[in-house]
Amino acid sequence: MNKQQFVALLKLGLIQSNPQITNRLRDKGKHGDALVKSLLLQNTILPLFIVILYGGIFMAQNLYQYPGQFNGLFLVLVGISLSQGISLIYNTFFDNNDFDHYKTLPIPLNLVILSKSFITVFTIIIYLFPCLAAFINYSLHSGTNPVLAIILSIFLWIVLIVFIFLLSLLLLFGLSLIPRLKHRLKQVAKVMMILTSVLVVIAILMNSYTAQNLEAAPVFFIRPLLFALSQPFAISGVSSLLGLVMVVALMVILTRSKIYPY
């Protein structure tokens, strides 16, 4: 892999990732490396604030004793990450559909796809850092061996990142294959981002409820993660872990066979 080409593509992807912020900074006279540095700063301030806020909340509690905290806080982070994933994939893959331009340049298309994907995954990772802290907290308080708890937490955190990235990718590219929606994808992407924003609002309201009822049961799709973290050698834990891996593997196969060629 040509590192210089990859870095240049990353800078271009960052510029494409949020046209509104990019245009605003250009109006202020930011160009070249100064523009890239300003974009990096803009894209890390809010995520870092979320990491500190939610990471602190997660680590300050015994999540195994009060699993209800996962309902609101976890869903807020997942909702924000999904919204960002949809937005970034639309902006970098569709709104700036520049693949034909690269075909005339000595740059492998795989490298272009990797750079565009990296921008999205990097943003998702930042927003999901508190989930890693939550997984470690829950697993340790459940009595899992500390080394195993950390390994399981990191593994499930990576699974979560890949799941959200692939879900964003499959949703947008899948809808783009529908003739009626192909030429209205911008509106579709906006509707999807609005829906994820509604999810975030619901999650915040849910968090207000669970703050008063800390022992509330986690919602059904969070439970497999918790089973795998707290009971890694039990049937429920092993089956949950295998189920999560199989879901992500299926999404990878679909992406590789249906989306990648397109």
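**Entry 1: the chain as a whole**

I started with burial: 44% of the chain's 262 residues count as buried. Buried means under 20% relative accessible area, exposed means over 50%, and partly exposed is in between (1.4 Å probe, protein chains only). I note that this is a predicted model, where local features need pLDDT of at least 70, side-chain atom pairs count only at pLDDT 80 or more, and totals for chains, interfaces and linings use all residues. Residues are numbered from 1 along each chain as its sequence is written, and side-chain values use heavy atoms, with hydrogens and water left out.

Next I looked up the secondary structure. The chain has 11 helices and 0 strands. I take helices (H or I, at least four residues) and strands (E, at least two) as DSSP runs, numbered from the N terminus.

I then checked the surface. The accessible surface of the chain is about 14,000 Å². Carbon and sulfur atoms hold 69% of that surface. The areas come from the Shrake-Rupley method with a 1.4 Å probe; for residues, only the protein chains shown count as cover.

I also looked at contacts, meaning heavy atoms within 4.5 Å. Among contacts with a separation of 6 or more, 74% join residues 24 or more positions apart.

**Entry 2: the cores**

Which residues touch the most other members of the largest nonpolar core? I found Phe70, Phe74, Ile89, Leu128, Phe135 and Leu172, in a core of 47 residues. A nonpolar core is a set of buried Ala, Val, Leu, Ile, Met, Phe, Trp, Tyr and Cys residues joined through side-chain atoms within 4.5 Å. The elements that give two or more residues to this core include α3 (32–59), α4 (69–95), α6 (109–141) and α7 (146–176). Also among them are α9 (185–212), α10 (223–230) and α11 (235–259). Helix α4 supplies the largest share, 13 residues.

I followed Phe70 further. Leaving out residues up to four places away in sequence, Phe70 touches Leu63, Leu75, Ala134, Phe135, Tyr138, Ile222 and Leu226. There is also a second, separate core of 14 residues. Its members include Ile15, Leu25, Leu39 and Ile119.

I looked up Ser81 in helix α4. Ser81 is buried, with a relative accessible area of 0%. Beyond four places in sequence, Ser81 touches Ile124, Tyr127, Leu128 and Ile164.

Ser115 sits in helix α6. Ser115 is buried too, at 2% relative accessibility. With neighbours within four places in sequence set aside, Ser115 contacts Phe6, Leu9 and Leu10.

I checked Val7 against Ser115. Val7 is in helix α1 (residues 3–17) and is partly exposed at 41%. Val7 and Ser115 are 108 residues apart in sequence, yet their C-alpha atoms are 8.2 Å apart.

**Entry 3: aromatic pairs**

How many aromatic pairs does a search of the whole structure find? I got 4. Rings of Phe, Tyr and Trp (its six-membered ring) pair if their centres lie within 6.5 Å; planes under 30 degrees apart count as stacked, over 60 as edge-to-face and the rest as tilted.

I opened Tyr64 and Tyr138. Their ring centres are 5.3 Å apart and their planes are at 65°, so the pair is edge-to-face. Tyr64 lies in the loop between α3 and α4 and Tyr138 in helix α6, so the pair ties together parts 74 residues apart in sequence. Tyr64 is partly exposed at 40%, whereas Tyr138 is buried at 7%.

I then took Phe118 and Phe122, a stacked pair with 6.4 Å centre to centre and 10° between the planes. These two residues are 4 apart in helix α6, so about one helical turn separates them. Phe118 is partly exposed at 40%, and Phe122 is partly exposed at 39%.

I looked for nonpolar patches. Leu46, Phe49 and Leu53 make one of about 300 Å². Patches are made of residues with over 30% relative accessible area and no salt bridge, with like charges joined within 9 Å and nonpolar side chains (Val, Leu, Ile, Met, Phe, Trp, Tyr) within 5 Å. A salt bridge is a side-chain nitrogen of Lys or Arg within 4 Å of a carboxyl oxygen of Asp or Glu. Phe49 belongs to helix α3. Is Phe49 buried or exposed? Phe49 counts as exposed, at 52% relative accessibility.

Last, I checked Ile158 in helix α7. Ile158 is partly exposed, with a relative accessible area of 44%. Ile158 and Leu132 are 26 residues apart in sequence and 9.0 Å apart in space, C-alpha to C-alpha.
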